[in-house]
Amino acid sequence: MTEPNRLPMDGGRLLPWTSSEGKPCYLLASDGTGYISRMADQIEAAQIDSAADLIEEAHHVLRERTWTPGEIHLLAADLTASLTDVRRVAVSRGARLPAPARLEADGTHPA
């Protein structure tokens with residue numbers, strides 16, 4: 001997967017899926033209420049829920065201390081995939097936050 005290092009200049013939304021070539025997909029000129037935005041919101045929610053379930057499974061597997069190397073390998077692969085998804089959600093959502101207010105050198109807001 002290509003890492004989403006930067007977003008388009010016009011503030012496009014990084015979507016929670018990639019193209020068939022593994023490149024990032026963006027939604028441009030959206031108010032966040034359209035069909036694609038809603039679908040992206042649902043997929044992001046499912047990815048976050050899946051990550052929570054996987055974290056519980058990891059805690060269970062590690063607590064029991066009866067895993068096989070294959071189970072640990074599968075867990076690591078699943079955790080890596082999930083972390084990749086959740087990072088993509090964080091990058092997308094972070095890029096849509098308003099820019100923080102600039103502060104003066106003394107920590108106060110400009111007049």
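**View 1. The β-β-α-α order of the chain.** Read along the sequence, the chain runs β-β-α-α, with two helices and two strands in total. Helices here are DSSP runs of H or I with at least four residues, strands are E runs of at least two, and both are numbered from the N terminus. This is a predicted model, in which local features need pLDDT of at least 70 and side-chain atom pairs count only at pLDDT 80 or more, while totals for chains, interfaces and linings use all residues. Residues are numbered from 1 along each chain as its sequence is written, and side-chain values use heavy atoms, leaving out hydrogens and water. Of the 111 residues, 21% count as buried (under 20% relative accessible area, with exposed over 50% and partly exposed in between; 1.4 Å probe, protein chains only).

View 2. Strand 1 (residues 13-18) pairs with strand 2 in the antiparallel sense, over three bridges; pairing requires at least two DSSP bridges between the strands. Look for Arg13, which stands opposite Leu27 of strand 2. Five residues lie between the strands of this hairpin, and Gly22 in the turn has a positive phi of about 85 degrees.

View 3. Helix 1 covers residues 35-64, and its 30 residues should span 44 Å at 1.5 Å a residue, which agrees with the 44 Å between its end C-alpha atoms. The expected span is 1.5 Å times one less than the number of residues. The buried residues of helix 1 are Ser37, Ala40, Glu44, Gln47, Ala51, Leu54, Ala58 and Val61. These buried residues pack against strand 1, strand 2 and helix 2 (69-95), with contact meaning heavy atoms within 4.5 Å. Across the chain, residues 24 or more positions apart account for 49% of the contacts with a separation of 6 or more.

View 4. Arg65 is found in the loop between helix 1 and helix 2. Its phi is positive, near 55 degrees, in a residue other than glycine. Is the Arg65 residue buried or exposed? Arg65 counts as exposed because its relative accessibility is 68%.
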